[in-house]
Amino acid sequence: MNRFADLIDRVGYEPRRNGKIRLIADYFRRTPDPERGWALAALTGALSFRHAKPGLIRGLMEERSDPVLFGLSRDYVGDLSETVALMWRPPGEAPSGQADGAPGPGHNNPPADGPTLSEVVHGLASAGKAELPGLVANWLDALDEIGRWALLKLITGELRIGVSARLAKTALASLCQDAERPITADDVEHVWHGLEPPYRSLFSWVEGCGERPENVNPAPFRPPMLAHPVDDEDFAKLEPAAFRAEWKWDGIRLQAVAGRDGDGTPVRRIYSRTGEDVSAAFPDLVEVLDFEGALDGELLIVREGRVESFNVLQQRLNRKAVTAKMLVEYPAHLRVYDLLALDGEDLRELPFDERRRRLATFVTGLGEPRIDLSPQIPFATWDELAAARADPASAGAGPDADAIEGCMLKRADSPYLPGRPKGPWWKWKRDPYLIDAVMMYAQRGSGKRSSFYSDYTFGCWRDGPAGPELVPVGKAYFGFTDQELLKLDRYVRNHTSQRFGPVREVQFGPDRGLVLEVAFEGLQRSGRHKSGVAMRFPRIHRIRWDKPAGEADRLETLERILSKGETEMHPTGTDGGET
Amino acid sequence: MAARASDLLTLTPQGLYCPGGNFHVDPVRPVDRALITHGHSDHARAGHQHVMATAETLRIMRVRYGEDFAGATQEAVLGEVLRVGEVLVTFVPAGHVLGSAQIVIEQGRCRLVVSGDYKRGRDPTCLPFEPVRCDVFITEATFGLPVFRHPDTAQEVAKLLASVRLFPERAHIVGAYALGKAQRVMALLRQAGYAEPIWLHGAMERLTALYKDEGVALGDTPRVAAADRAGLKGAIVLCPPSAIQDLWARKFPDPVTAFASGWMRVRARARQKGVELPLIISDHCDWDDLCRSILETGAEEVWVTHGQEDALVHWCRTQGIRSKPLHLLGYGDEEGDTATEGAAEPAAEPA
Ligand SMILES: [Zn+2]
Ligand SMILES: [Zn+2]
């Protein structure tokens, strides 16, 4: 890991293309397999693992440092990963001010058994979410400042040092010493797609010790490019003319890849966003991947030319076995928005506009009804795009509006970068739906919150045989602050009407009870719920201490969301008249 | 004790002042009587009536400002206790640059140490810092944040030599402050076995000659003539920090821009200077050494002159040590960008 860290540290400062190539080639020469192969994968964006969140890193540092010193340091350095890399102190090391002569490990003096890049890559791939913090802390303990910086940049997906995949391949090709038959970066590209890290056969071939590698995986997964959520403040900094807009489909992101193996036999695969091979679940889609290339798109259910909502897609995803009946009732469709490779050529470094142009030509040429092009939304100003986003049906999406959850903004000149680079792609999600519901039951939480009533079941009004009655419509256990939790907990304890084990029923009725403003992302019909609906991603948006329970929303509000287009029940509609 | 200490040393617009001895330490404006810790131009200025400093510091001032830089001079011998007015004064090695000293001031049972600039890291060109037990320790805090921990200098020099090996057709232009840092880098290169000539920018020449004269072995250090530049493939060239981005530097063959400074620890600082090969070599203490030195003095009270005072004052308080920032002005906390000899303007502090 330290050699790799030194490399990217140095390359990050080197402005010249040739200088970078020399530094990388020098690293490849001095570093054994498989370490250098994982480095090549890191440089070319071929690594995929669950990225660690900044919160994890901040948390680890907070456990070990004085908060004032951490705050001052972070202000000074600016970058969180760099601050932590510089401040981190292994537990064995003498604390500040203890005169002990020799610097301890970690103070630019890593022990010889620091993690290798291979260990880090395998560790990240296999660690569960709960194990990750401990794993990262152990690695940080065993590395020096530069090693820690490289590690943190790598695991948070922020390793950007001005090296393109092409440049790394050029450096690799330069290892070839054979003046008679030189190997070029293009030659590397040719065999590249069949190979997987740590690329032993590739290095061996380039260094003149082995045969040209055979294509091992003719249909490889390529780590997807992800978008950042855009905030209102961001728009001031973004130039509308530099961006293209598309609908953000409420489906499942997939990568459809097709190629040929050594015998020329077609190989077709469908990958999930995280690189899981999910081909078996979508035979109807696999069957039509009659090309050689890689498509990035959204899995949708399209019936009679109309995109169904996520609720419908869920019906297909929920079934374990793929039956003929399901294939007919829930036909899979791929709405594509990017072209990563075609006919052996890697297109990821081309600007978005150019990839899009090729994608359009490709889709037309393919002529396959199950694969179509995700349309672009014309706009000149952010206001125009805001209007389209608020009403996709009128802005060209027509009946497909049900399956739209906002817009995507993509810079016209952006290459396809793995991970979540900040700046080129943005997602502008539709606002959540809001309803006012009445708290009906509360349950004790788990873990840290096991002593609090923190899970709330809430209901809406409907007409019962004996007048208005509340019917439960959902359950939420987050969205409130710790302070609010204390107040909610006290409310539950003071207004309990019945107890069932860990559950308390609270007092509710037309003239008593607590109104919760609940935010959620969508609704689907559900036979398992008394109300007949199930919410997606419900959370407490606001606690309406002021609102009489009798004025909470009725079940019809939810029915309307289900039956009509989303524009009608947009939050501004239900929330507008209230004060 | 606190009342006594604040009587022993006070703050005036000229800088730290000792009423009992009627002298200033490192005054930023001309005064009657000045005690100077070391030769950096923000500490050692011309125009005082009477200057007391180590022999080396006096020599450095002479080279920088000319023979008549002060009305009268007095040589302070390291370790020797001198009476100045009502107080006792001792100069003790500070490990910062050639001739640098801490100044110990005593009256009655109160002892106070003005450390000036100091460091604990290896430096073949000057005597090492000696901790002195005292009641009040006065320290700078240029690198007073826990993110600053200077690496071993051998590792940094190895980085430079590795780059010279990898790019033998390119000149390596190393920005380094003309007094102290430049000579330290040369000495470290020699210790690492580098035997080629080390080329010097004209501004480095006189102080380097002074170091050699004082017995510091630096090997062959020719001055770069304008005509030489294009031919210096693979050479190491030392120049003042301000010259690395100059037209002067661009005449070398495909130059690699290096900079030797403690600030190079932070990427944003290195980037901002357009540095391609940051070398973390500092003549100031890093965070660990600041903290360690404070504890070694056993001081009950610490005054922080300049730099990142907030963090160091906070740390002292967490250790149960009384501490306050002095917010002294006129001492550099930036790079030694304008580090030409004898500059009328106080040059910013080297780092
Ligand atoms: Zn100094
Ligand atoms: Zn200074």
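Which residue's side chain does Asp400(A) meet in a salt bridge? The partner is Arg335(A), at 3.3 Å from N to O. A salt bridge here is a side-chain nitrogen of Lys or Arg within 4 Å of a carboxyl oxygen of Asp or Glu. The notes below start with the ground rules.

1. **Basis.** This is a predicted model, in which local features need pLDDT of at least 70, side-chain atom pairs count only at pLDDT 80 or more, and totals for chains, interfaces and linings use all residues. Residues are numbered from 1 along each chain as its sequence is written, chains are lettered from A and ligands numbered from 1 in the order in which they are written, and side-chain values use heavy atoms, with hydrogens and water left out.

2. **The Asp400(A) pair.** Asp400(A) sits in the loop between helix 19 (393-397) and strand 10 (404-411) of chain A, and Arg335(A) is in strand 7 (residues 332-342) of chain A, so the pair ties together parts that are 65 residues apart in sequence. Helices (H or I, at least four residues) and strands (E, at least two) are DSSP runs, numbered from the N terminus. Asp400(A) is buried, at 10% relative accessible area. Arg335(A) is buried too, at 7%. Buried means under 20% relative accessible area, exposed over 50%, and partly exposed in between (1.4 Å probe, protein chains only).

3. **The Arg64(A) pair.** Arg64(A) and Asp141(A) form a salt bridge at 2.8 Å, N to O. Arg64(A) belongs to helix 4 (residues 54-64) of chain A and Asp141(A) to helix 8 (residues 132-141) of chain A, so this pair links parts 77 residues apart in sequence. Arg64(A) is partly exposed at 34% relative accessibility, whereas Asp141(A) is buried at 16%.

4. **Salt bridges overall.** The whole structure holds 68 salt bridges over all chains. In chain B, Asp123(B) pairs with Lys119(B), with the closest N and O atoms 2.8 Å apart. Both Asp123(B) and Lys119(B) are buried.

5. **Interface size.** In contact terms (heavy atoms within 4.5 Å), 35 residues of chain A meet 42 residues of chain B. The two chains bury about 3,300 Å² between them, 52% of it on carbon and sulfur atoms. Buried area is the accessible area (1.4 Å probe) that two parts lose on being put together, summed over both.

6. **Charge across the interface.** Eight salt bridges run between chain A and chain B. One of them joins Arg16(A) to Glu276(B), with the closest N and O atoms 3.1 Å apart. Both residues belong to a salt-bridge network that also includes Arg10(A), Glu14(A), Arg170(B) and Asp254(B).

7. **Chain A side.** Elements giving two or more residues to the side of chain A that touches chain B are helix 1 (2-13), helix 2 (17-30), helix 5 (67-77), helix 6 (80-87) and helix 9 (145-155) of chain A. Helix 5 of chain A gives the largest share, six residues. By type, this side divides into 14 nonpolar, nine polar and 12 charged residues. Ala, Val, Leu, Ile, Met, Phe, Trp, Tyr, Cys and Pro count as nonpolar, Asp, Glu, Lys and Arg as charged, and the others, Gly among them, as polar.

8. **Chain B.** Chain B has nine helices and 18 strands. Of its 351 residues, 63% count as buried. Among contacts in chain B between residues at least 6 apart in sequence, 60% join residues at least 24 apart.
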